[in-house]
There are 2 protein chains.
Amino acid sequence: MSILVVGSVAFDSVQTPFGKVEEVLGGSGTYFSTAASFFADVSLVAVVGEDFPREHLDFLAGRNVNLDGLQIRPGRTFRWKGEYGFDLNEAHTLDTQLNVFERFAPELPEHYRDAEYVFLGNIDPELQLKVLDQVRRPRLVACDTMNFWIEGKREALLKTLERVDMLLINEAEARQLAGEPNLVRAAREILAMGPKTLIVKRGEYGALMFSEHSIFAAPAYPLESVFDPTGAGDAFAGGFLGYLAANRNHDEGCLRQAIVFGSVMASFVVENFSLDRMRELDCAEIEERFRRFKLLTEFAGIG
Amino acid sequence: MSILVVGSVAFDSVQTPFGKVEEVLGGSGTYFSTAASFFADVSLVAVVGEDFPREHLDFLAGRNVNLDGLQIRPGRTFRWKGEYGFDLNEAHTLDTQLNVFERFAPELPEHYRDAEYVFLGNIDPELQLKVLDQVRRPRLVACDTMNFWIEGKREALLKTLERVDMLLINEAEARQLAGEPNLVRAAREILAMGPKTLIVKRGEYGALMFSEHSIFAAPAYPLESVFDPTGAGDAFAGGFLGYLAANRNHDEGCLRQAIVFGSVMASFVVENFSLDRMRELDCAEIEERFRRFKLLTEFAGIG
């Protein structure tokens with residue numbers, strides 16, 4: 001099954017306590033597409049500048065990511081520069097250059113419009129709405145957002161939320177969106193805004209999935225070497241939606257397994273800079289880490 | 001089976017965003033004993049002043065906590081005053097009055113010395129060693145500590161660690177003790193100091209249990225009303241050791257279930273000030289919440 005994703009494709013410059021990279025491949029759309037591509041076909045809607053190298057396009061195409069919706073516009077590609085301290089949970093943005101992303105207007109090629117699974121990456125909610133206007137009859141729409149839009153474009157964001165099935169955000173964003181410090185209550189208020197499912201990403205503490213009658217808690221995989229957390233949330237979303245699309249099943253059991261596959265993909269991404277860990281990843285490793293998540297969490301009926 | 005615990009018995013004055021209490025029953029020994037008493041017999045070693053009211057002794061005795069090792073000394077009982085902001089993960093200590101606790105020298109009544117399960121609450125590691133010198137042949141010794149002792153009494157603490165089976169501390173303490181920011185590596189270094197099992201308490205994010213060949217991750221129970229986190233870590237330890245003592249079994253499955261029972265007890269304690277939630281708690285509620293932990297975490301084989 002095909003997943004449509006709209007998001008950023010960028011050059012990232014990142015410094016962590018463990019190293020430093022300059023202008024490497026990044027962006028929410030890139031991380032999502034690559035992670036999801038291990039499970040399903042992906043169609044990417046994004047924009048890059050004329051400086052975007054052929055090799056990155058070849059990499060994505062090599063992962064079966066359809067690039068017909070990737071616009072190449074005069075100017076420079078979006079650039080982000082950030083650093084992390086020993087507390088790898090929070091990125092400190094040093095510089096953002098929107099460049100061609102500033103005038104991005106997502107346009108879906110005709111054959112994208114029948115997409116059954118849609119992921120609206122963290123972009124202006126007005127653009128997210130424009131994407132939703134162009135898709136015909138999606139089975140499932142998920143979206144991401146951030147503090148900048150929650151504060152600055154609340155009305156448009158609330159319109160988006162009325163039209164999505166799932167929202168994936170981090171803890172602070174959930175509290176901010178609901179205006180409520182208690183996460184369980186915040187989740188209830190967010191579910192009343194439209195999404196049937198809320199997934200709260202908690203970095204090294206894992207994720208919580210809230211729906212009307214159930215809460216699911218998944219840990220993050222305890223890693224000895226976390227090199228660079230950039231893209232972990234987008235890879236999580238890619239693994240999550242990829243697994244759902246591959247199974248075309250959204251029951252509670254499948255949603256929970258999808259959360260774990262999302263956590264698996266996030267756990268790989270942080271093991272190296274950029275998407276480098278995913279470049280050498282294979283399905284056997286993904287299955288093996290899923291199995292390790294089971295060993296990590298089960299407590300009933302063992303001994 | 002009987003558990004021996006040494007720890008503090010105190011009057012707490014606590015302010016949270018949800019209310020305020022003055023001089024209520026508190027202390028690590030009190031929280032531990034009460035939580036453990038739902039699973040096993042408990043013998044408490046502690047000290048209080050002459051101002052300690054009969055009703056608190058009656059409460060503990062009513063929960064089958066043996067008080068033969070509770071010294072009543074001239075002077076005032078230990079007092080702690082703290083507050084929490086909306087981020088309930090961290091207590092801000094406003095005042096500590098050690099009072100009779102300052103000269104506390106744990107003395108075990110003869111019939112305490114055959115205790116099979118021992119919990120060394122968060123007190124001076126020199127006193128923890130004195131307790132270990134007085135017990136004969138314990139099956140299992142667990143201990144807690146804190147930044148103050150890690151920094152100020154490192155030598156004595158390392159001696160204690162050589163003689164305990166399990167260490168229960170929070171995340172920051174684990175990193176500080178090992179001098180290593182990565183928790184998985186920190187755990188390996190701490191296991192090399194003596195304990196066969198390390199339990200890292202992460203507040204609202206749950207707990208991790210590390211042993212030589214395995215890691216177990218348990219979430220905290222997502223609660224709508226967290227009133228007062230005071231005592232959660234000690235109630236966790238009480239539920240954990242209580243369950244182990246009741247089952248006299250320390251295999252991996254039993255340890256994992258014990259972690260969840262610890263989390264269950266912690267989840268109740270934070271629902272009200274002081275030990276008030278445990279005063280009205282029954283075993284059916286404990287079993288029911290354990291069942292809900294299963295529903296919260298399972299992802300394999302459901303659908």
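Which residues does B:S274 touch, not counting residues up to four places away in sequence? In this predicted model, they are B:V24, B:L25, B:Y31, B:D228 and B:V269, where contact means heavy atoms within 4.5 Å.

A quick word on the ground rules. Because the model is predicted, local features need pLDDT of at least 70 and side-chain atom pairs count only at pLDDT 80 or more, while totals for chains, interfaces and linings use all residues. Residues are numbered from 1 along each chain as its sequence is written, chains are lettered from A in the order in which they are written, and side-chain values use heavy atoms, with hydrogens and water left out.

**Two single residues**

Let's stay with B:S274 for a moment. You'll find B:S274 in the loop between α9 (252–269) and α10 (276–279) of chain B; helices here are DSSP runs of H or I with at least four residues, strands are runs of E with at least two, and both are numbered from the N terminus. A polar atom of the B:S274 side chain lies 2.7 Å from the backbone oxygen of B:L25.

Is B:S274 buried or exposed? B:S274 counts as buried, at 4% relative accessibility. The cut-offs are under 20% relative accessible area for buried, over 50% for exposed, and partly exposed in between, with a 1.4 Å probe and protein chains only.

Now take A:N147, which sits in helix α4 of chain A. Here is how the two residues look side by side.

| Residue | Relative accessible area | Class |
|---|---|---|
| B:S274 | 4% | buried |
| A:N147 | 40% | partly exposed |

Leaving out residues up to four places away in sequence, A:N147 touches A:E173 and A:Q176. From A:N147 to A:V270 it's 123 residues in sequence and 23 Å in space, C-alpha to C-alpha.

**A helix tucked inside chain A**

Helix α3 (residues 125–134) of chain A has 7 of its 10 residues buried, so it is largely enclosed by the rest of the structure. The buried ones are A:P125, A:L127, A:Q128, A:L129, A:V131, A:L132 and A:Q134. They pack against several elements of chain A, including β1 (2–6), β8 (117–120) and α5 (154–162).

**Where the chains meet**

The contact uses 36 residues from chain A and 37 residues from chain B. Together the chains bury about 3,200 Å², 56% of it on carbon and sulfur atoms; buried area is the accessible area (1.4 Å probe) that two parts lose on being put together, summed over both. On the chain A side, A:Y205, A:E224 and A:F299 supply 25% of the area buried against chain B, more than any other three residues.

The interface also has 6 salt bridges, each a side-chain nitrogen of Lys or Arg within 4 Å of a carboxyl oxygen of Asp or Glu. One of them joins the side chains of A:R175 and B:E204, at 3.6 Å from N to O.

**How the copies are related**

Conventions. A polar contact is a pair of N or O atoms within 3.5 Å; within protein, one must be able to donate a hydrogen and the other to accept it, and residues adjacent in sequence count only if both atoms are side-chain atoms.
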